[in-house]
Amino acid sequence: MSARAWAELLRLPALFTVPGDVLAGASAVPGRPGGRTLLAACSSLCLYEAGMALNDWADRTEDAVERPHRPLPSGRVRPAAALTAAGALTAAGLTLAARAGRPALAVATPLAATVWAYDLVLKRTPAGPVAMAAARGLDLLLGAAATGPARGSVRRALPSAALLSAHTLALTAVSRHETTGGAVLPPLAALTTSGALGLLLARELPAGRGAAPTPGPPGSAGARPRTARHPLDRVLTAAYTALAARPYLHAALHPSPQLTQRAVGGGIRATIPLQAALCARAGAPVAALCTAALAPLAARFARKVSVT
């Protein structure tokens, strides 16, 4: 079993889209990222990779026909080894979440359950995309639960989780047709979703952690504070919209398997600027820059290992 085979099994380039979930969640709550945030990020990485290994184990029969080049059907990784890795990574993820605190474990437990339920039961049902979207949203909430105060942190991060989940829902719907193509509606819906998310990200928001409230008109002392827009917020929002929209448009116009696979890869990579934009709009430019810095690494590794 080679390192390259395991890199393909675990979707190494897609791994760079994971830390931004926790950072976006941490940015949405009071307090600054610390040791518990790092533990939550490591937990998130373990649970994500558990899902990748379990995905290929569950799909090994189908992949033998449709994707014989993948590590399991090609014989480069044994099915038992993939299943063992999924179990070990899940246990490691939950252990790390427990060390990050009870609130983090309370989020990581349903996250792990969602990952296993998706791969083993829900993937080929209408609930599949919803389950995947829920997993991404829970991953963001994991960062909030580990970083913020014990009460209210998850609630504060729900708007960011909803935006990330919407992106994931649309992307997963497209991915269900990556081997057959021929579906116009999913990439068209994903294109519409990315545009709608761009508009929502461009709206003014209540002042987040570290954000400066925008002064209101005289006599508006009781008005809700608004976040002063940071140029980085706009740049990242534009980057997300552009990166996601183009491959979705191509797949909608010509829904071949090849263009659908490119749309899936583009949607996965667009997750990073989306996470960074969520950090920036919450008033955490440093977290936004750290998240955005993962994009070149994801692109570099994607040239060597497929993300689909």
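1. Helices α3 (residues 19–27) and α12 (residues 257–281) pack at about 15 degrees, with their axes 8 Å apart. The two are therefore roughly parallel to each other (an angle under 35 degrees). Helices here are DSSP runs of H or I with at least four residues, numbered from the N terminus. Axes are lines fitted to C-alpha atoms over the stretch in contact, and angles between N-to-C directions run from 0 to 180 degrees.

2. This is a predicted model: local features need pLDDT of at least 70, side-chain atom pairs count only at pLDDT 80 or more, and totals for chains, interfaces and linings use all residues. Residues are numbered from 1 along each chain as its sequence is written, and side-chain values use heavy atoms, leaving out hydrogens and water.

3. From α3, the contact with α12 (heavy atoms within 4.5 Å) involves Gly 20, Asp 21, Leu 23, Ala 24 and Ser 27; from α12, Gln 275, Leu 278 and Cys 279. Four of these residues are nonpolar, three polar and one charged.

4. Helix α4 (residues 35–58) packs with helix α7 (residues 102–122) at about 15 degrees, their axes 9 Å apart. These helices, too, are therefore roughly parallel to each other. Residues of α4 in the contact include Ser 43, Leu 47 and Gly 51, and those of α7 include Ala 108, Leu 111 and Trp 116. The contact divides into 10 nonpolar, three polar and one charged residue.

5. In helix α8 (residues 128–147), 17 of the 20 residues are buried (under 20% relative accessible area with a 1.4 Å probe, protein chains only).

Notes
Angles under 35 degrees count as roughly parallel, over 145 as roughly antiparallel, 65 to 115 as roughly perpendicular and the rest as oblique. Ala, Val, Leu, Ile, Met, Phe, Trp, Tyr, Cys and Pro count as nonpolar, Asp, Glu, Lys and Arg as charged, and the others, Gly among them, as polar. Buried means under 20% relative accessible area, exposed over 50%, partly exposed in between (1.4 Å probe, protein chains only).
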